[in-house]
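Dear colleague,

I am passing on the structure we spoke about, and I would be glad if you could look through it with the notes below at hand.

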Amino acid sequence: MHAFYATAPGFENAHYSDAPTPQPKDGETLVKLEASSLNHLDLWVARGHPSYSVHYPQVLGSDGSGILEETGQRVALFSGTWCGQCDACSQGLTSSCDATQTLGAQRDGTHADYVALPRQNVVPTTLKPGKAACLSVAAVTAYHMLKRADLKPGQTVLVWGAASAVGSFGIQIAKAMGAEVITTASTDKVARAEKTFGVPVVDYKTQDVAAEVLTRTSERGADVVLELVGPATWPASMKSVRKGGAIVTAGAVSGPDVTVPLRWLYSNQVRFIGSKQGSIDEFRQVLKWTEESVIEPVIDSTYPLADAKKAYEKLEAGKAFGKIVLTR
Ligand SMILES: [Zn+2]
């Protein structure tokens, strides 16, 4: 088969080439992929990030959809495996499972003609392959964050990064859950974000995001802040959250550490919540919402798998608005 895989740490060592077709083990099944999509995670894996003990050669790609070889059904693939028995799994936090493996990180991924994965990771879908291949990482992450923050209808959510994949789903899912959304974008993407999502968009390059959030919430602040960035946005996230509100974080794009003044945290009774991807049930829900057109994956562009490198150059340059899809 053909695949896009890394042979050693460093993105220059990722190639589109021949690779052996995977053989499913016990409890696994084989899927002939029709589409896959890109995530920033893939770049970290290809470069050799300390958080991922990558064994090369590593087929990249966590998101995908295709045809189940056993039945001929179209399926969407859930990117993380789980054991169902450890303490995290017993709490429903399967993405923190002791034994979790992510497609394209700890096991071979979706940028290939075939992938083998546990049967429990495969969900039938009526969606077209490109849309079905966008949801497992970004949409599930956004939905899980909003659930972890216990978002209620009528509450206000600040979603950082409307052009990012998680941001684009966070906005739509928060709206589907009955919330009001304020989002941010860089100057060149504000108009497109307003048109795409129909919510107020703050230009984080030229405007004071926290001041805008306070103005738009009668000086209360947002009930929930979806943090994906880290140190670069953290001070504004703290100024934007309401007393008793929640900052939920699932990303550290601008660096791993932030400062949380304890007096600020307890005086304002703010909840500070960690969140990591999500569960198969949350995946089923975002698939259902997409099938019902309640949410719509924002697809920036589509490339053939053979042009994966070009697609990643666009992702890395920050030029994408939403998801980039690779077709077969
Ligand atoms: Zn587990």
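The model is a predicted one, in which local features need pLDDT of at least 70 and side-chain atom pairs count only at pLDDT 80 or more, while totals for chains, interfaces and linings use all residues. Residues are numbered from 1 along each chain as its sequence is written.

**Domains**

The protein chain is divided into domain 1 (2–137 + 278–327) and domain 2 (139–274), with bounds that come from an automatic or database domain assignment. The C-alpha centres of domain 1 and domain 2 lie 26 Å apart. To the contact between them domain 1 gives 16 residues and domain 2 gives 15 residues, where two residues are in contact if their C-beta atoms, placed from the backbone, lie within 7 Å. On the side of domain 1 that touches domain 2, the largest share, five residues, comes from helix H10 (residues 280–291); helices (H or I, at least four residues) and strands (E, at least two) are DSSP runs, numbered from the N terminus. That side of domain 1 is made up of 10 nonpolar, four polar and two charged residues, with Ala, Val, Leu, Ile, Met, Phe, Trp, Tyr, Cys and Pro counted as nonpolar, Asp, Glu, Lys and Arg as charged, and the others, Gly among them, as polar.

**Sheets**

Six strands form an open sheet with parallel pairing, in the order S11-S10-S9-S12-S13-S14; two strands pair if DSSP finds at least two bridges between them. S11 and strand S14 (271–274) stand at the edges and have a single partner strand each, so one side of each is left without a neighbour in the sheet. From one strand to the next the twist averages 20°. Within this sheet, S9 and S10 pair in the parallel sense over four bridges, and Leu 158 stands opposite Ile 182 in S10, as Val 157 does opposite Val 181 in S10. S10 is mostly covered, since five of its six residues are buried, a residue being buried if 20 or more other C-beta atoms lie within 10 Å of its own, exposed if 12 or fewer, and partly exposed in between, with C-beta atoms placed from the backbone.

An open sheet of three strands has antiparallel pairing and the order S2-S1-S4. Its edges are strand S2 (14–18) and strand S4 (58–59), each with a single partner strand, so one side of each is left without a neighbour in the sheet. Strand S1 (residues 2–6) and S4 run antiparallel and are joined by two bridges, and Ala 6 stands opposite Gln 58 in S4.

**Helix H7**

In helix H7 (residues 209–216) the buried residues are Val 209, Ala 210, Glu 212 and Val 213. Seen down the axis of H7, these buried residues fall within an arc of 160°, so they line one face of the helix; the arc is that of the directions from the helix axis to the C-beta atoms. Their cover includes strand S9 (156–159), strand S10 (180–185), strand S11 (201–203), strand S12 (222–227) and helix H8 (234–240).

**Single residues**

Most residues other than glycine have a negative phi, and most peptide bonds are trans. Against that background, a cis peptide bond joins Tyr 56 and Pro 57, with omega about 0°, and Pro 57 has its place in the loop between helix H1 (40–47) and S4. Glu 219, in the loop between H7 and S12, has a positive phi near 70° and is exposed, with 9 other C-beta atoms within 10 Å. Gln 277, in the loop between S14 and H10, has a positive phi near 30°, but counts as buried, with 26 C-beta neighbours inside 10 Å.

Thr 249 is found in strand S13 (residues 241–249) and counts as buried, with 21 C-beta neighbours inside 10 Å. Leaving aside its neighbours within four places in sequence, Thr 249 is in contact with Glu 227, Gly 274 and Ser 275. Thr 249 and Leu 226 are 23 residues apart in sequence, yet 6.2 Å apart in space, C-alpha to C-alpha.

With best wishes

Conventions. Axes fitted to C-alpha atoms, helices over the stretch in contact; angles between N-to-C directions.
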